[in-house]
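Hi,

Here is the structure I promised to pass on. Have a look first, and my notes follow below.

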Amino acid sequence: MSSEDRFSERFGYSVTDAEITVRQDAPTEFRHVLPKLADESGLTPKPLRIVVCLVLRKRPDPNNWSERPSIAEEVSYLIDNCEWFKVMM
């Protein structure tokens with residue numbers, strides 16, 4: 001593959017253009033947008049909580065039964081407070 005065939009070359013992107021701002025964390029903005037992207041894709045808070053709890057090995061809060069705001073807030077809390085490498089899975 002020649003350098004002209006690379007996406008970055010065709011569109012003028014360079015690896016040195018972007019400064020690395022975060023090395024050992026998932027940025028707050030990224031954590032915040034994950035549940036929103038899931039919602040836009042049709043995944044409501046209840047099934048999203050199942051996925052998040054499975055990945056994080058957490059027990060869903062049995063006191064949360066309404067999707068909004070309770071389960072949605074629980075999902076956000078779990079994502080906001082987990083180790084950064086769990087967010088990137």
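**What I found**

Cys53 is buried, at a relative accessible area of 4% (buried means under 20% relative accessible area, exposed over 50%, partly exposed in between, with a 1.4 Å probe and protein chains only). Cys82 also counts as buried, with 15% relative accessibility.

Before you read on: this is a predicted model, where local features need pLDDT of at least 70, side-chain atom pairs count only at pLDDT 80 or more, and totals for chains, interfaces and linings use all residues. Residues are numbered from 1 along each chain as its sequence is written, and side-chain values use heavy atoms, leaving out hydrogens and water.

Both Cys53 and Cys82 belong to the largest nonpolar core, which has 12 residues (a core is a set of buried Ala, Val, Leu, Ile, Met, Phe, Trp, Tyr and Cys residues joined through side-chain atoms within 4.5 Å). Helices H3 (45-56) and H4 (67-80) each give that core at least two residues (helices are DSSP runs of H or I, at least four residues, numbered from the N terminus).

How many disulfides are there? The whole structure has zero, a disulfide being a pair of cysteine sulfur atoms within 2.5 Å. Apart from neighbours within four places in sequence, Cys82 contacts Arg31, Leu56 and Val87 (contact: heavy atoms within 4.5 Å).

Arg31 brings us to H2 (residues 28-40), where the buried residues are Arg31, Pro35 and Ala38. Their cover includes H3, H4 and helix H5 (84-87). Just after H2, Gly42 has a positive phi of about 95°.

Cheers

Conventions. The expected span of a helix is 1.5 Å times one less than its number of residues.
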